[in-house]
Amino acid sequence: MGATATTEPLLIATGVGRAFRGLQALADYDLELRQGEILGIIGPNGAGKSTLFNVLTGFLPPSSGTIRFRGRDITGMAPNRVAQLGMARTFQNIRLFGSMSVLDNVKTAQQLRGKAGFWETMLNLPSFHNKERALTEQAMAHLVSLGMANFAAADAASLPYGFQRKLEIARALATEPAVLLLDEPAAGMNEGETAELTGFIRDIHQRFGLTVVVVEHDMSLIMPLSDRIQVLNYGRVIAEGTPADIRANPKVIEAYLGAEDAAAMEATA
Ligand SMILES: Nc1ncnc2c1ncn2[C@@H]1O[C@H](COP(=O)(O)OP(=O)(O)O)[C@@H](O)[C@H]1O
Ligand SMILES: [Mg+2]
C-alpha cells in the first residue's frame, strides 16, 4: 500500500448519478469506502443497486459526478482498466465461460495481471510457454487455496449453481483486486448454501485483505457480514449506518423491509 491509500479512502464517489432516458436510476450518490470494510447495500428491486456497480466499475459512464479509486480519477474509465487498477466484481446473473473448465475460467481472469507479451505470443517464444505454465500453476494454487480444486477440470456449466457462484468470486479474486463488488451473490441459493457463502466471503475478506461491497436481499448474509449498510430507494440513499442502526430505522422498515424481512432481521440480531 502506498502512502496515498492510507491518507484517503480507497474509493470515493461524489454526487454520482445515472439516468436512462427519463429515468433517474441513481442520483446524488456519495461514498467514502474505507480500506478493509465490508459495505452492504440493500434496497428493493429497481432501486439502482446494479446501476451503482456498473457505474463504479466502468461498465456504464455516470451521467453526473466523479469517482476516485486509489487516488486516481476513474470517472468514465473502461472496465478492464478499472479492473487492472484493482477493482473486481461479480454480476447479478452469472457470467462464466460455461463450456470452459473451472481452471481455464480462472486462467482467463488471471491474464488481466500476468499478460504474455504480444511478440512472445506471436513468435511462440519459450518464455511464453513458461508464462503459460506459470499461469496454469497459479490458477491451480488459487483453486486449492479456495478449496475448489476438486472441480478444476470440469466444465463450469456442469457444476452445481452454488459452486458456479463461488467460481465467479474465485475469478474476480484471481485478478488480485483491492476491492471486490458482489452483486446478489446469494441469489437463488438455499439457506445452507447462503450460510456457507457468508463464511466464504468472511474468509476471503480476511485472507486477501479485501475491501468488499456486497449487494444482497438476503438479510441472513448482509446483517452479520456488513460493517456498514447503505439503503437505496428510487436511486437515492435513504439510510446509512451499522446493521443495528439499519434494523432500528423506521424509514427503512417502511420503505423497504416488509414484516417478513423485519422478522428475519430480528432473528439475526
Ligand atoms: N441499461 C439500462 N437501460 C435502461 N434502464 C436501465 C438499465 N439498467 C437499469 N435500468 C433501470 O434503472 C433502474 C434501476 O435498475 P437496477 O440498477 O438494475 O436496480 P437494482 O439492481 O437495484 O434492482 C430500473 O428501473 C431499471 O429498469
Ligand atoms: Mg440488481
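Helices (H or I, at least four residues) and strands (E, at least two) are DSSP runs, numbered from the N terminus. By this assignment, the chain comprises twelve helices and ten strands. The structure is a predicted model, in which local features need pLDDT of at least 70, side-chain atom pairs count only at pLDDT 80 or more, and totals for chains, interfaces and linings use all residues. Residues are numbered from 1 along each chain as its sequence is written, while chains are lettered from A and ligands numbered from 1 in the order in which they are written.

**Figure 1. Overview of the chain.** Of the 269 residues in the chain, 37% are buried. A residue is buried if 20 or more other C-beta atoms lie within 10 Å of its own, exposed if 12 or fewer, and partly exposed in between, with C-beta atoms placed from the backbone. Two residues are in contact if their C-beta atoms, placed from the backbone, lie within 7 Å. Among the contacts with a separation of 6 or more, 66% are accounted for by residues 24 or more positions apart.

**Figure 2. The shell around ligand 1.** Ligand 1 is surrounded by Phe-20, Leu-23, Ala-25, Gly-43, Asn-45, Gly-46, Ala-47, Gly-48, Lys-49, Ser-50 and Thr-51. A residue is near a molecule or strand if its C-beta atom, placed from the backbone, lies within 6 Å of it. Strand S2 (23-33) and helix H2 (49-56) each supply at least two residues of this shell, and H2 gives the most, with three residues. By class, the shell has four nonpolar, six polar and one charged residues. Here Ala, Val, Leu, Ile, Met, Phe, Trp, Tyr, Cys and Pro count as nonpolar, Asp, Glu, Lys and Arg as charged, and the others, Gly among them, as polar.

**Figure 3. The open sheet containing S1 and S2.** Two strands pair if DSSP finds at least two bridges between them. Four strands form an open sheet in the order S2-S1-S4-S5, with antiparallel pairing. Its edge strands are S2 and strand S5 (72-73), each of which pairs on one side only. Strand S1 (residues 11-20) and S2 are joined in the antiparallel sense over seven bridges, and Leu-11 has Leu-33 in S2 as its bridge partner. Helix H2 lies across S1, S2 and strand S4 (64-69), and runs at about 60 degrees to S2. Axes are lines fitted to C-alpha atoms, for helices over the stretch in contact, and angles run from 0 to 180 degrees between N-to-C directions.

**Figure 4. Two loop residues with positive phi.** Most residues other than glycine have a negative phi, and most peptide bonds are trans. Arg-21, in the loop between S1 and S2, has a positive phi near 50 degrees. This residue is exposed, because 4 other C-beta atoms lie within 10 Å. Tyr-234 is placed in the loop between strand S9 (228-233) and strand S10 (236-241), and its phi is also positive, at about 45 degrees. With 16 other C-beta atoms within 10 Å, Tyr-234 is therefore partly exposed.

Figure 5. Helix H7 (residues 161-174) has 14 residues and reaches 20 Å from its first C-alpha to its last, close to the 20 Å expected at 1.5 Å a residue. The expected span of a helix is 1.5 Å times one less than its number of residues. Ten of the 14 residues of H7 are buried, so the helix is largely enclosed by the rest of the structure. Among these buried residues are Arg-165, Lys-166 and Glu-168. Leu-167, also in H7, is buried because 23 other C-beta atoms lie within 10 Å. Leaving aside neighbours within four places in sequence, Leu-167 is in contact with Leu-96, Val-102, Asn-105 and Ala-156. The C-alpha atoms of Leu-167 and Val-102 are separated by 7.4 Å, although the two residues are 65 residues apart along the chain. Glu-176, which follows H7, has a positive phi near 55 degrees.

**Figure 6. Strand S7 and its parallel partners.** Strand S7 (residues 179-183) is mostly covered, since five of its five residues are buried. Val-179, Leu-181 and Asp-183 point one way from S7, whereas Leu-180 and Leu-182 point the other way. Strand S6 (residues 87-89) runs parallel to S7 and is joined to it by three bridges, with Ala-88 having Leu-180 as its bridge partner. Strand S8 (residues 211-215) likewise pairs with S7 in the parallel sense, over five bridges, and Leu-180 stands opposite Val-212 in S8.
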